[in-house]
Amino acid sequence: MASLLIVDDGAPDRELLASVLRHAGHAVFEADTGEHALRLAQAQQPELIIADILMPSMDGYELVRELRRAEATAHIPVMFYTATYVLDEVRDLAAACGVSHILIKPCEADEVIRAVDEVLSSAADPLAPLPSEDFHREHLRVLNAKLLQKIEELRETVILAGSLQRESQSGRGNDGSAHLAPDPRFEALSPRELEVLGMIVDGATNGEIAERLVIATSTVQSHVKRILNKLGVRNRTEAAVRYLRR
């Protein structure tokens, strides 16, 4: 078994991943910042580092660059574990940093273990980092793509919220009481699915829901997929709005 370093500023995600890998027999160290990870990497010399991409102060890309610049840590392979959705841009920049594997949150435990085994068994040396100017240009492009995506998600949320407010107002009588018909699709949801949906409405991530319910993140992911399917919606935001509209 190997020694692994997990780097993630989100405690639930970090601890869940650490639990999966410890159960698989690995020795696991944890860091909540890139700076902390650099110190641990120097001291512990892990065989693999699994890092989130979006972290304050030093993100995953910058962490890899710093690791590659130091002779003592340049050889340590890195895997990204992130909730990002701009995969093409992320893969290009990750490859330039010598990162060949990217796991997307949430991830099944067996997929995590399989990816870790693949990286550990690979004999390929990590690639050298991009020249500074090229790296920062590409880095900025990826961050801009993420920002634009978040703006679009926020715009959709605002539109859906406005629709909900108008529908709510149109469904009230002169006395202010609501006259909206109940949504029969909610009757198809199990008590557990309704519980999960309520937490989604509160803004909880899959990792946070798993922690609250003391279940695996993969189980939460399965609940979320069934909820979206039963409600006939595309994403968590639409599910939350439909829940509030019911």
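Q: What makes the largest nonpolar core a core, and which residues have the most contacts inside it?
A: A nonpolar core is a set of buried Ala, Val, Leu, Ile, Met, Phe, Trp, Tyr and Cys residues joined through side-chain atoms within 4.5 Å, where buried means under 20% relative accessible area, exposed over 50% and partly exposed in between, with a 1.4 Å probe and protein chains only. In this predicted model, the largest such set has 26 residues, and those with the most contacts inside it are Leu5, Val7, Ile49, Tyr61, Leu63 and Phe80. At least two core residues each come from β1, α2 (34-44), β3, α3 (60-69), β4 (78-82), α4 (87-96) and α6 (132-170); helices (H or I, at least four residues) and strands (E, at least two) are DSSP runs, numbered from the N terminus. Apart from this core lies another, of 18 residues, among them Leu197, Ile209, Leu231 and Ala239.

Q: Which residues does leucine 63 touch?
A: With contact taken as heavy atoms within 4.5 Å, and residues up to four places away in sequence not counted, leucine 63 touches Val7, Gly34, Ala37, Leu38, Ala51 and Met58.

Q: Why is strand β1 called largely enclosed?
A: Five of the five residues of β1 (residues 3-7) are buried, so the strand is largely enclosed by the rest of the structure. Both faces are covered, with Ser3, Leu5 and Val7 buried on one side and Leu4 and Ile6 on the other.

Q: How do you know that β1 pairs with β2 and with β3?
A: Two strands pair if DSSP finds at least two bridges between them. Five bridges join β1 to the parallel strand β2 (residues 27-31), with valine 7 opposite alanine 31, and four bridges join β1 to β3 (residues 48-51), also in the parallel sense, with leucine 48 as the bridge partner of leucine 4.

Q: What makes a right-handed unit with β1 and β2?
A: A crossover is right-handed if, with the strands pointing away from the viewer, the path from the first strand over the helix to the second runs clockwise; β1, helix α1 (residues 11-23) and β2 make such a β-α-β unit.

Q: How confident is the predictor in the protein chain?
A: On the pLDDT scale, the predictor's confidence in each residue from 0 to 100, the chain has a mean of 80, and 76% of its residues reach 70 or more. Over residues 173-181 the pLDDT is below 50. Where pLDDT is low, the predicted coordinates should not be read in detail.

Residues are numbered from 1 along each chain as its sequence is written, and side-chain values use heavy atoms, with hydrogens and water left out. Local features need pLDDT of at least 70 and side-chain atom pairs count only at pLDDT 80 or more, whereas totals for chains, interfaces and linings use all residues.
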